[in-house]
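Visitor: I am new to this structure and would like to learn how to read it step by step. Could you take me through a few of its features, with the general idea before each case?

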Amino acid sequence: MSDSRETNSTPRRIVGTKRFREAMPKPISTRIFTVANQKGGVGKTTSAVNIGAALAMGGLRTLIIDLDPQGNASTAFGISRDEVNGMYEVITKDLPISDAALKVPGYPHLEIIPATQSLANAEVELVPMVARELRLKKALTNYLNDTAQRGERFDYVIIDCPPSLGLLTVNALVAADELLIPIQCEYYSLEGLTLLLHTVSLIQEHLNQNIKLSTIVLTMFDGRTRLANDVADEVRKHYPEQLIDIPIPRAVRVSEAPSYGQTVMTYDPASNGAEAYALVAREIARRGAPSITSISEVSVG
Ligand SMILES: Nc1ncnc2c1ncn2[C@@H]1O[C@H](COP(=O)(O)OP(=O)(O)OP(=O)(O)O)[C@@H](O)[C@H]1O
Ligand SMILES: [Mg+2]
């Protein structure tokens, strides 16, 4: 990480802790998540940045990739999007990730590759390129290998996608092993799921057999409404293993945090939204922790 630059945004007052007292378990190998749902505004970015921040605060080395031209994940960390290289250069100009990744100030273990406005052009520029679906995979593999060789292996990579199933999202699904779907518990929220999962099965067949739906997070949950509870029940019934049954409450502090260039994990760590995201991150880490058998396999081998 020594070659990553600090963000050049103006210094901000950081509120709260950057480290949980209880560390989270490391996975055996780097876990790469794509956060996708072609439905807009369901909490993809909010989940990507808060889960990423919480994993880092749990002591896990984490890389967040902002693959959405809207750049909301970048602004959530207070990154000024005009003055930096980012995913556009990486994905269309072969810029090594080491020249685009930024350390997030205040977090010992967190890096982000920002999205600048130009990423909006990538969707079109990628079309005639050779192996256009594999460009992120290639860049990320190189970066992960380099960092691992330096003894700075990443534990988690989290890719935030735009609300579409275009080439950027396809690149993310090809580069990842796990799909995390945030579901907002509202009417129609399950409708697009079939199309998303169909896309994933095509990618499994042709481009990346490792990708699987591993995690579902319920976002903006309002337990007082019958509808929210009905949607949660549906998800529970169909995806019992994938669902992390810790709904993220709809909470003002969560939606306020980005306007201060912060995640809710630092903006108001004691708020119920921050606590829920911390618990979700801890559960993700727990599920990815080596089992007792695999620990003994590792130590014996
Ligand atoms: N738990 C929550 N409580 C309150 N507001 C929330 C919560 N989660 C997300 N929001 C707000 O809902 C809006 C949409 O969230 P977010 O940007 O994370 O969705 P998205 O799926 O990434 O959207 P897009 O599809 O545009 O990328 C944002 O204004 C965000 O601040
Ligand atoms: Mg988003």
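This is a predicted model: local features need pLDDT of at least 70, side-chain atom pairs count only at pLDDT 80 or more; totals for chains, interfaces and linings use all residues.

Visitor: Where is Ala131 placed, and what is its phi?

Guide: The general idea is that most residues other than glycine have a negative phi. Ala131, which sits in the loop between helix 4 (119-125) and helix 5 (135-149), has a phi near 50°, a positive value in a residue other than glycine.

Visitor: Met220 also has a positive phi; is Met220 buried or exposed?

Guide: Met220 has a phi near 45° and lies in the loop between strand 8 and helix 8 (226-238). Met220 counts as buried because it has 23 C-beta neighbours inside 10 Å, where 20 or more are needed.

Visitor: How should I read a strand, and which residues of strand 7 point each way?

Guide: In a regular strand the side chains alternate between the two faces of the sheet. In strand 7 (residues 178-184), Glu178, Leu180, Pro182 and Gln184 point one way, while Leu179, Ile181 and Ile183 point the other way, and all of them are buried.

Visitor: Which strands pair with strand 7?

Guide: Strand 2 (residues 31-35) runs parallel to strand 7 and is joined to it by three bridges, with Phe33 having Glu178 as its bridge partner. Strand 8 (residues 212-219) also pairs with strand 7 in the parallel sense, over seven bridges, and there Ile181 has Ile216 as its bridge partner. Strand 7, helix 7 (residues 193-206) and strand 8 together make a right-handed β-α-β unit.

Visitor: How many residues are in the largest nonpolar core?

Guide: In soluble globular proteins, nonpolar side chains tend to be buried together. Here the largest nonpolar core has 89 residues, and those with the most contacts inside it are Val157, Ile159, Ala172, Leu173 and Tyr277. Leaving aside residues up to four places away in sequence, Tyr277 touches Asn50, Ile51, Ala54, Ile248, Val264 and Met265.

Visitor: Finally, how many residues surround ligand 1, and which are the closest?

Guide: Ligand 1 is surrounded by 19 residues, the closest being Lys44, Thr45, Thr46, Pro163 and Ser255. The shell divides into six nonpolar, ten polar and three charged residues. Helix 1 (44-57) and helix 9 (252-256) each supply at least two residues of this shell, and helix 1 gives the most, with three.

How values were computed. Residues are numbered from 1 along each chain as its sequence is written. Chains are lettered from A and ligands numbered from 1 in the order in which they are written. A residue is near a molecule or strand if its C-beta atom, placed from the backbone, lies within 6 Å of it. Helices (H or I, at least four residues) and strands (E, at least two) are DSSP runs, numbered from the N terminus. Ala, Val, Leu, Ile, Met, Phe, Trp, Tyr, Cys and Pro count as nonpolar, Asp, Glu, Lys and Arg as charged, and the others, Gly among them, as polar. A residue is buried if 20 or more other C-beta atoms lie within 10 Å of its own, exposed if 12 or fewer, and partly exposed in between; C-beta atoms are placed from the backbone. Two strands pair if DSSP finds at least two bridges between them. A crossover is right-handed if, with the strands pointing away from the viewer, the path from the first strand over the helix to the second runs clockwise. A nonpolar core is a set of buried Ala, Val, Leu, Ile, Met, Phe, Trp, Tyr and Cys residues joined through C-beta atoms within 7 Å. Two residues are in contact if their C-beta atoms, placed from the backbone, lie within 7 Å.
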